Amino acid sequence: MAIVEFKDVSRVYTSGDHELRALDGVNMTLEEGKFIVILGPSGAGKSTLLNLLGGLDSPTSGKIIVEGKDISTLSNDELAEYRAAKVGFVFQFYNLVPTLTVHENVALVKEIAPRSLSATKMIEEVGLADHLKNFPSELSGGEQQRVSIARALAKNPEILLCDEPTGALDSQTGVLVLKLLLKMARDYGKTIVIVTHNQNIAKMADVVMHVKNGKIVSVTEQENPSSADEIDW
Amino acid sequence: MLFKKLWRTMGLYRAQFISMIIMIALGVGIFVGFNMEWVSIDKNTFAFYKETGFADYRITSEKGFSVDEIEKIESIDGVEKASRYLSVNADVKEKNGDAVALTVTENADVSGVKIISGEKYDSKSTDGVWLSDKYAKANGFKVGDTVTLKYKNLEIKCVIKGLVKSSEYLICVRDSSQLMPDYKTFGFAYISPALYKKVAGTDFYPQINVISDLDKKDFTEKADKALGKTELILTKDEVGSYSLARGEAEEGQTMGSVLPVLFLLIAVLTMVTTMHRLTAKEKTQIGTLKALGFKDRRILRHYTSYAFMIGIVGSVIGIALGYGVAYIIMNPNGMMGTYFDMQKWVLYLPGFCVVTVILIVALLTFIGFLSVKQMLKGTAADALRPYTPKKMKPLVIERTKTFHKLSFGSRWNLRDIMRHKSRTAMSLVGIVGCMILVVGSLGMSDTMNAFLDMYYDGALRYNTRIYLAEDTTPEQRDEIAEKYNGDTGASLGVQIDDKTVSLDIYSLKNNMVRFPSDKKGYVKLGDDGAYICMRLADEFDLNVGDTFKVSPYGTDKEYTLKLAGIIRSTSECVVITDDYAEKLDISFIPDSVYTNTEKEDILSDSAVKTAQSKKAIMDSFDTFLELMNSMVIILVGGALVLGIVVLYNLGVMSYTERYREMATLKVVGFKDGKIGRLLIGQNIWLSVVGVVLGLPLGVLTLDFLLKKLAPEYEMRMYIGPVTYIVSILLTFGVSLLVSLMVSRKNKKIDMVEALKGAE
């Protein structure tokens, strides 16, 4: 079943008399429960795609339908509600609130997400039960990203959106984080979309999309994706 | 959860938060303090005036008023109460050299007393005196003691029945040459009409005091009609205990509106820059919250509450500080306590202060709101991007050749100054404000000292002023003047238009009195013109060469005087020589002899009413100077706090903003010291500009304050070279100190951390 549908979606940035078409008439469908990787060189429009999907941005034209509902015309507040209820984010630079502890960073979503899960439980699942009271700056990069994953899943969203989740990590830590991310997504039955320029991650995906110059140039379905351990990092 | 974030973020930016709280507290504190002062003076003194029946009008006649006449005044429609009244300066026999204002009022409800201890006032008592409690305390008199009061050849021996206060002597000074009360040498005493009649044998009262709501014109007409003749009528505005108190309240009003504006302005400007920096720095966090699904409203509320919190905490501390300031001024031993003879002060927080403080908090909150609003603009994706400062455009001066000849540091700093205009402007405001306060307060002290030198050392060259008795003969007067080798003088009440001023006639053979000129030095009195004080010259718009008319009280005579010069004087007066008086046909009957003989050596004589030493006048100034010095210390302290707080706050901000730049410089190979010098260099340039701007502004402020606060002293502004040097050094010192404090942080720059992560 399709959880997300993009219908002729364009996003144009104008600065002064300069016009940049970050996305140019994109049509795509994402199936529920799948692991989707969006690949492309920098500046191809990957992040814009993710931003639109996550309700961080609205398209200049076209329709984005999530679970049968068009989110392209939502107001700011409705978008906030959409983000709170439907999507979990994992960013390259973790984006934790530095003045809140690990537990508080995850528990924060309780205030906005209607179906949130226990913060302590999520932190235990990402293996940071001993660091509940620590501040983000006291953790390593990999640990911070795990907190970020716990926070994204604690909302109990439909879709997990990840923007270069391993981009700031060394490869060993990256693999561990990725494995955790996938395991958690599968355990909780979430659709997961990762945006990256790392070809190796793509090998693990159910669906790989290639983005170039604001367009989707190919969509490949992989019958037997590799597991993280099989890949030569 | 966000609430926890609020507290931790405050901890993170504590330098900024604390400095803003200090600024707001100072601004609100000074605002509330001075406004409380004048409102409390108004309310307290009015209550006291009412309690002791302060008179609205005083009708005086040298011939005295009869019982018949007081009845006529009492029966005027609109007159509430009236009383025949006498107040003369009498010597205290037990305390050689002391005097008290000996007072008799027939109706104790008018110009009466408030009992502090002892018996209640008894108008039938034939042996009692009710003495000023402060005078009694200063001279060791107790209830039950006996005092002997000497007035002319009367000796009144009486028992102290009670210690009292009276609004008629709210500011208890002998005459207008004495600025501050000195209870050691001068107080007041009330005796009953019964005792007065018994000792004097008559009931001579040269004054009628009236409580009435009528306006002056109305009252004068009705009183003249009732008495069938024109008498001199003084309104309460012409009585020191009323006008000086009002003047004091007005001063508080000026202080309460001029000074706090500076602090509050700086507080608001600091808020604008700090909230902008804070939200700019927190922009990615704002983006994160937004991405998580927090609504704009929620985020706005969160960040706005920072500003609100600062406003509230600052205002609460400020109001507490205000109470403190007001208490320091108004407590019984404080500035006002020694000036006004009040039993107690009740402090009032005026309603408009509360309103203003609420408005300030609202304004601060609004500033916070606007800064976050700015960062929330656009989509969540926009908000997630870190704040990027405005693009750098080449400066106009960069096109000149000289710019490229400047060192790297100067160019870097110039660009930085141009790029962060508001921060630069704020630093300048801080330095200029600091400079204004230091120059103004030290200049005030210089001016005051110069004023004392000029007036009391230069103008009053005698040691003792002998007051002659009213009934002396010309021969007696000449004899006294000759015996003590003195100069003579007389004061006459005259009117210019409707204004009552004093016409002072002097016969100065020995130059015992000199008159400071409105310009420099002293005026040599000539025999073909009159000299008037600056205030009167201003009020009647008179220039040298103009003529003006004066008319002695209660007469239809009018004299035309030619203005020969303008002088500085503490009383509103017209001064002429005896020769000019003769030419004009004004009779000169001396009432005082000015001599170099010490007071102790003046022999008792029926022609001598009393004598006053210049030292007594000078002594009354000591407290005044002490109070002023503490004021100067408070203001200079405030200036330094202001300077340090504003500059430190901006310094830290500049440091965090340029963290990445400095980290890069460090990576390239700049040493910590070199980077530190770059930062200090910028501060020094700003300080130079600030000092250059602040100096003239400080002088202008002082000039304004002198005109506004103390017009009655007609002081000439004087700022000594030491003041200039100290002001400049202090301001530079503050700037340098702060630079050092900030540049010490350089060593902590973590190059890797700072360069990691995308911008």
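**Sheet, interface and domain organisation in the predicted model**

In the predicted model, A:Val66 has A:Lys69 of β5(A) as its bridge partner. Strand β4 of chain A, which spans residues 61-66, is joined to β5(A) by two bridges, and the two strands run antiparallel. Both strands belong to an open sheet of four strands in chain A, ordered β2-β1-β4-β5 with antiparallel pairing. The edges of this sheet are formed by β2 (18-31) and β5 (69-70) of chain A; each has a single partner strand, so one side of each is left without a neighbour in the sheet. Helix α1 of chain A (residues 46-53) packs on the sheet, where it touches β1 (2-15), β2 and β4 of chain A. The direction of α1(A) makes about 120° with that of β1(A).

Chain A also meets chain B, with 23 residues of chain A in contact with 20 residues of chain B. On the chain A side, the elements giving two or more residues are α2 (76-86) and α3 (102-107). The most is given by α2(A), with six residues. By residue class, this side of chain A comprises 12 nonpolar, five polar and six charged residues.

Chain B is assigned domain 1 (1-57 + 239-388), domain 2 (62-230), domain 3 (420-458 + 615-759) and domain 4 (486-595). The centres of domain 1 and domain 2 of chain B, taken over C-alpha atoms, are separated by 47 Å. Between these domains of chain B, 18 residues of domain 1 are in contact with 25 residues of domain 2. On the domain 1 side, α2 (14-51) and α7 (240-281) of chain B each supply at least two residues. That side of domain 1 of chain B divides into nine nonpolar, six polar and three charged residues.

Key:
Residues are numbered from 1 along each chain as its sequence is written. Chains are lettered from A and ligands numbered from 1 in the order in which they are written. This is a predicted model: local features need pLDDT of at least 70, side-chain atom pairs count only at pLDDT 80 or more; totals for chains, interfaces and linings use all residues. Two residues are in contact if their C-beta atoms, placed from the backbone, lie within 7 Å. Ala, Val, Leu, Ile, Met, Phe, Trp, Tyr, Cys and Pro count as nonpolar, Asp, Glu, Lys and Arg as charged, and the others, Gly among them, as polar. Two strands pair if DSSP finds at least two bridges between them. Axes are lines fitted to C-alpha atoms, for helices over the stretch in contact, and angles run from 0 to 180 degrees between N-to-C directions. Domain bounds come from an automatic or database domain assignment.
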